[in-house]
Every structure is written in structure tokens, then in C-alpha cells.
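Please keep the structure open while reading.

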Amino acid sequence: MSSDYGYINARVKGMKAKLLGQAFYQTALDASDFKTFTAGLMQTPYMRELEEAQARASGLGAVDQAVARNVYHTAHGLLTFSDGQARQLIGMLLMRFDLANVKAIARGKHAGKGLEEIQGSLFPAGELKPSLLEQAAVASDMAAAAQVLALARTEVTSAFLRAARRYQNEPDLYTLEVALDQAYYAGMLERAEAAKAPAALKRHLQLEIDAANLRTALKVRGMGAGAARELFIRGGRELRRDTFEALIGDQEGALSALTGGTFAAVVTAVQSDGGLGAAEAEIRKVLDEDAKRISYAPLEIGVVVDYLRRKEAEAAQLRLLARGKFYGVPRAALERELTHA
């Protein structure tokens with residue numbers, strides 16, 4: 001293990017070179033069926049995990065397992081060769097998978113999904129052990145799942161336990177998810193401060209908080225400013241609480257307050273009636289570009305931030321492609337969905 005960013009970033013750049021390129025996606029989109037798609041995936045760095053998964057499962061389940069295991073191996077690979085501050089920050093960055101997994105379990109319990117469907121949406125690459133996530137996935141309901149995950153005693157699982165208790169009286173999934181976001185970002189900022197993270201990473205985290213607040217504001221727009229009080233995530237940089245409340249209250253000119261800033265393209269997407277899908281694509285583009293920008297510092301953690309965003313996007317796109325081919329989604333529709341994955 002090494003705490004030398006020069007060494008760590010060189011290893012990460014080697015991993016980045018193995019990410020799937022445009023040629024794979026075009027071939028996957030052109031695949032005539034699910035079988036042809038999996039044959040193509042077998043020719044990629046996912047081969048080992050797919051072979052192992054096909055020995056245990058078939059169809060979509062095998063692809064989901066292969067993708068999840070590949071992400072797990074990738075995340076833990078980063079930890080095996082890093083030490084010191086870099087290891088602390090990588091561990092912090094992997095918390096995003098914990099947040100995603102807890103949300104996936106909460107959504108599954110809320111919707112009454114089956115075990116296989118919940119398992120298929122998990123990426124066990126953070127601090128939460130795969131076995132613990134499995135136990136939570138099989139739990140009888142939201143409260144029981146939260147009790148299981150609380151054993152891990154992380155910022156997100158503690159928040160999940162509190163939110164699940166509230167959910168028993170007010171079964172509002174969106175409020176529960178915002179509570180998880182609030183705990184996650186507060187934990188990220190605390191860990192970044194404790195690890196003396198570089199300024200560029202702190203700014204990126206603040207941008208992620210701005211993005212989360214903007215997503216919330218656009219989703220619940222028109223609910224009235226009163227609803228905003230419990231939904232706002234503290235710690236952002238650009239999207240202030242008054243702007244957030246104005247957006248949720250759908251006040252005239254609220255969107256215009258963002259036109260001169262980082263999220264100007266999101267405003268354009270909303271005003272051109274592109275819908276939430278178009279707005280989400282622009283928000284993601286802002287975060288991707290910022291991650292790419294901070295990756296240019298050769299002796300900081302930005303290279304890892306950029307790589308993890310790309311790896312996460314790749315995993316989401318593979319699962320989307322697998323479902324598209326499995327259910328026979330037309331190529332044009334699947335290609336459109338890929339841009340939002």
C-alpha cells in the first residue's frame with residue numbers, strides 16, 4: 001500500500017483505461033437480443049464475474065450479479081493499494097454506494113418488491129458488508145431492514161433507523177430519502193474535514209449538495225415554501241436556502257436566479273420543457289465536468305473522484321442495456337434512456 005498520490009493515480013489511470021468505450025455501447029445497442037448482448041459482455045473486463053455469476057444464476061440476475069461483483073472488486077482494489085489520507089478519502093468516496101444501497105432497499109420495501117429484484121439493484125462496494133445488505137434485503141419490512149443495517153453504525157444507517165421509525169407513521173418515501181441524503185452529505189463533509197481533504201474535493205462535494213438540492217426543488221416544485229424546510233441539505237455552495245424555497249414555491253423568477261451560475265444549462269433544459277429527465281442529464285453533466293476538471297491535479301484525489309463517477313455510470317448503463325435487451329426495448333428508445341442513466 002502507498003500514500004503517494006503519484007503511484008495511486010497511476011494505478012487508477014490504468015483502471016480507467018479498462019472502462020468500456022463507445023464501441024462497446026454501439027455494439028450492445030445493435031445486439032439483436034439478450035443472448036448476443038451477454039456474449040459481447042463476455043469479451044470485456046466483466047468476463048470473470050459474468051462466468052462466475054452464470055454458474056449461480058441466469059438471465060438478468062446473472063448480469064446484475066456480475067456487474068455488482070465487478071464494482072465490488074474495483075472499489076476494494078482501490079483500497080488495497082492506497083494508504084494514509086488517500087485511503088481515508090477513497091473510503092469516504094465509496095460511501096456513495098452505501099447511500100445508493102440503503103435507498104435501493106428502502107424503495108424495495110416501500111414498493112413491496114421481491115428479494116431478487118432488490119438484490120439486483122445493490123452495489124455492495126462501500127462500508128456496508130454484502131452479507132449485511134443481504135440480511136436487510138430479506139427483512140420483512142422497512143423497520144426490520146433499518147434495524148439490520150443499524151448494526152453497521154454509519155451516518156447513513158443511523159439516519160435510516162430514525163427515518164424508518166418516522167415512516168411507520170408517515171409512509172413518505174421521498175422524505176425518508178431526503179433524510180438519508182442529509183445524513184450522507186453531513187457525514188461526507190465531516191470526514192473530508194477530518195482527513196484534511198484538498199479544497200478542490202471540498203468544492204466538488206459542495207457542488208454535489210447543490211445538485212441534490214436542485215433535484216429536490218425541481219421534483220417537488222409547486223408544493224409551497226413550507227415544505228422546503230425539511231428538505232434542504234446544508235453545506236452547498238451556490239444554491240442558497242432562499243433560492244431553494246423560491247423554487248419549491250414556484251415563485252416567479254426563481255429559476256432565473258440560477259441563469260448566471262453553474263447550473264445555467266439546467267434552467268435552459270427546464271424552460272425548454274425538456275422535463276426532469278433533461279434537467280437530470282444537465283445536472284449530471286455539471287458534476288461529470290467538475291470531476292474531470294479536478295482530475296487534472298496529478299497529486300490529489302480528483303483522479304479517483306473522476307474514475308468512480310465513470311465506473312458508477314458504466315454499471316448503471318450496463319444494467320439498463322441488459323434490461324433493454326432482455327425485454328426487447330427498441331434501439332432508439334434504449335439509446336435515449338442511456339443518456340439519462
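## A charged network

Arg96, Glu208, Asp288, Arg309 and Glu312 are linked in a network of salt bridges. A salt bridge here is a side-chain nitrogen of Lys or Arg within 4 Å of a carboxyl oxygen of Asp or Glu. By that rule the count is 26. Side chains of opposite charge can pair when their charged atoms come close.

The model is predicted: local features need pLDDT of at least 70, side-chain atom pairs count only at pLDDT 80 or more, and totals for chains, interfaces and linings use all residues. Residues are numbered from 1 along each chain as its sequence is written, and side-chain values use heavy atoms, with hydrogens and water left out.

Arg331 pairs with Asp30 in a salt bridge, with 2.7 Å between the closest N and O atoms. Arg331 sits in helix α18 (residues 331-340) and Asp30 in helix α2 (residues 22-30), so the bridge ties together parts 301 residues apart in sequence. Helices (H or I, at least four residues) are DSSP runs, numbered from the N terminus. Arg331 is partly exposed at 30% relative accessibility. Asp30 is exposed at 51%. The classes are buried under 20% relative accessible area, exposed over 50%, and partly exposed in between (1.4 Å probe, protein chains only).

Asp250 and Arg221 also form a salt bridge, at 3.1 Å from N to O. Asp250 is in the loop between α14 (241-248) and α15 (264-271), while Arg221 is in the loop between α13 (199-219) and α14. They are 29 residues apart. Asp250 is partly exposed at 43%, and Arg221 is partly exposed at 36%.

Glu314 is buried, and so is Lys311.

## The second largest pocket

A pocket is found on a 1 Å grid over the protein atoms alone, as an open set of points with protein on both sides within 12 Å along at least five of seven lines; lining residues have an atom within 4 Å of a point. Volume is the space filled by probe spheres set on the points, which are joined across faces, edges and corners. The second largest pocket holds about 690 Å³.

Its lining has 24 residues; Gln22, Asp288, Ala313, Gln317 and Leu338 lie nearest the centre. Helices α2, α16 (275-294), α17 and α18 each give at least two lining residues. The largest share, seven residues, comes from α16. By class, nine are nonpolar, five polar and 10 charged. Nonpolar means Ala, Val, Leu, Ile, Met, Phe, Trp, Tyr, Cys and Pro; charged means Asp, Glu, Lys and Arg; the others, Gly among them, are polar.

## Cavities

A cavity is a set of points where a 1.4 Å probe fits but cannot get out. Two cavities reach 30 Å³ or more.

## Asn9

Asn9 lies in helix α1 (residues 5-16). It is buried, at 2% relative accessibility. Leaving out residues up to four places away in sequence, Asn9 touches Ala297, Pro298, Leu299, Glu300, Val303 and Val304. Contact means heavy atoms within 4.5 Å.
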